[in-house]
Amino acid sequence: MDLDAVTAAANVVLDVLGTGLTESCYQQALGHELRLRGHVVECEITIPVKFKGVHVGAVRADLLVDYRWILELKSVARATEAHAQQLAAYLRHHTECNGGTPTEGFLVNYSTAGAGVEVRLVTAV
């Protein structure tokens, strides 16, 4: 899966659903669209967070695709660097707990400002 494939699937969801919905609606629809395209998709995966070997909490990523890519969805006017940093942190903690994958993910924003779908590749730092 690459940036073009994620963008194409995300645009199909936007074309059918339109703008102005919640993140969870887009999450379920994008997960379904990716499954229709032959991908294995898990929704709302829990990622443990450890500090010096001690479990200190957990975060939830929106979609895990093909056991390899995390997709973090937003429904805001514009995705920010803070959103990308959030995904990078998810990738880093998931990698630490799962032996090296995933190290890449996609930030997908269904813009509430009418800008369509923004898709950005993010790597673990």
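This is a predicted model: local features need pLDDT of at least 70, side-chain atom pairs count only at pLDDT 80 or more; totals for chains, interfaces and linings use all residues.
Q: Why is Glu72 called buried?
A: The relative accessible area of Glu72 is 3%. Residues are numbered from 1 along each chain as its sequence is written, and side-chain values use heavy atoms, with hydrogens and water left out.

Q: What does Glu72 touch?
A: Glu72 sits in strand E3. Leaving aside residues up to four places away in sequence, its contacts (heavy atoms within 4.5 Å) include Glu23, Arg60, Gln86, Tyr90, Phe106 and Val108.

Q: What makes Lys74 and Glu72 a salt bridge?
A: The term asks for a side-chain nitrogen of Lys or Arg within 4 Å of a carboxyl oxygen of Asp or Glu. Here the closest N and O atoms are 3.6 Å apart, so the pair qualifies. Lys74 comes out at 10% relative accessibility, so that end is buried too.

Q: How do you know that Arg60 and Glu44 are joined as well?
A: Their closest N and O atoms are 3.7 Å apart, so they pass the salt bridge test. The pair ties distant parts of the chain together, with Arg60 in strand E2 and Glu44 in strand E1, 16 residues apart. Arg60 has a relative accessible area of 45%, so call it partly exposed; Glu44, at 32%, is partly exposed as well.

Q: What makes E1 and E5 the edge strands?
A: The open sheet holds five strands in the order E1-E2-E3-E4-E5, with mixed pairing. Strands E1 (41-51) and E5 (117-123) each pair on one side only. Two strands pair if DSSP finds at least two bridges between them.

Q: How do you know that E1 and E2 pair?
A: They share ten bridges in the antiparallel sense, so they clear the two-bridge requirement. One example is Val49, whose bridge partner in E2 is Gly57. Helix H2 (residues 23-36) packs on the sheet, touching E1, E2, E3 and E4. Helix H3 (residues 81-97) lies across E1, E2, E3, E4 and E5.

Q: What makes a group of residues here a nonpolar core?
A: The members must be buried Ala, Val, Leu, Ile, Met, Phe, Trp, Tyr or Cys, joined through side-chain atoms within 4.5 Å. The largest such core has 19 residues, and Leu30, Leu71, Leu73, Val108 and Tyr110 have the most contacts inside it. H1 (3-17), H2, E2, E3, E4 and E5 each supply at least two of its residues. The largest share, five residues, comes from H1. A second, separate core of twelve residues includes Leu64, Leu87, Tyr90 and Leu91.

Technical notes. Helices (H or I, at least four residues) and strands (E, at least two) are DSSP runs, numbered from the N terminus. Axes are lines fitted to C-alpha atoms, for helices over the stretch in contact, and angles run from 0 to 180 degrees between N-to-C directions. Buried means under 20% relative accessible area, exposed over 50%, partly exposed in between (1.4 Å probe, protein chains only).
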